[in-house]
Amino acid sequence: MVDVSKLAEAYREAESAIRSVEIITNKVPIPALNEMRYAAYHAIAFLLAGDYKQKEEEFGKSVSHCHRAYFDAQSFMLLSLYSRVKNIRDGLGEYLHFFPEMVGEPYSAKKAAVEKARAFLETLRTVRKDAQRWEKRDELYESCKPHIEACRAYIQTFESIREELCSKVDAAKAAEKKSSHSWWISAIIAIVGILTTIAAAALF
């Protein structure tokens, strides 16, 4: 006999994952919603099925679609969070070194975890190109979780030192600008001095 509570739990998890995406990213994960629609269709078919074998088949399909919806929502969330991580790193640019300097030893582990998240996203892109493998993505049900947590941890660490980090970057930029300005002034003075010497020599 099928355990209806399994379907109820899968549906609740998927619905919660979709809601989290909407709250955090302010976007709607359409693929996940489509999977929920299919899950509902098969759930109804399960209730209306006349024999046990058909009920079992429709029940399994409904649960699988719930798992796919959960995965689609989670992968959407992961892509969004990793994009934010990338924006942080790209935004700091040549001043990125301040980040690990301020965080210390824990930064290495956070960076490594984020790199694993990037590699996982690359794997998903490959899987997505294979229709048969992508159709079975419910088997990857909870594979996004550790990578989502890794990206969240990186972002939270950045947010905790954002103000001080930005101050360091601003100070470094100001120092570089001042140094560059001083170099040009020195260069101009030297050139003027050389031209003056040449002009004086020409008079004699």
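This is a predicted model: local features need pLDDT of at least 70, side-chain atom pairs count only at pLDDT 80 or more; totals for chains, interfaces and linings use all residues.
Reader: How many residues apart are arginine 162 and glutamate 159 in helix H7?

Author: The general idea comes first. An α-helix has 3.6 residues a turn, so residues three or four places apart point the same way. Here, arginine 162 and glutamate 159 are three residues apart, which means about one helical turn separates them.

Reader: Which residues do salt bridges with shared partners join into one network?

Author: The network consists of Glu35, Asp72 and Arg137. Arginine 137 pairs with glutamate 35, their closest N and O atoms lying 2.9 Å apart. That pair links distant parts of the chain: arginine 137 belongs to the loop between helix H6 and helix H7, and glutamate 35 to helix H2, 102 residues apart. Aspartate 72 also forms a salt bridge with arginine 137, again at 2.9 Å between the closest N and O atoms. Aspartate 72 lies in helix H3, 65 residues from arginine 137. Both aspartate 72 and arginine 137 are buried, and so is glutamate 35.

Reader: Which residues of H1 are buried?

Author: They are Leu7, Ala10, Ala14, Ala17, Ile18, Val21 and Thr25. These residues cover an arc of only 95° around the axis, so they lie on the same side of H1. Helices H2 and H3 are among the elements that cover them. The face turned away from the buried side carries the exposed residues Arg12 and Ile23.

Key. Residues are numbered from 1 along each chain as its sequence is written. Side-chain values use heavy atoms; hydrogens and water are left out. Buried means under 20% relative accessible area, exposed over 50%, partly exposed in between (1.4 Å probe, protein chains only). Helices (H or I, at least four residues) and strands (E, at least two) are DSSP runs, numbered from the N terminus. The arc is that of the directions from the helix axis to the C-beta atoms. Contact means heavy atoms within 4.5 Å. A salt bridge is a side-chain nitrogen of Lys or Arg within 4 Å of a carboxyl oxygen of Asp or Glu.
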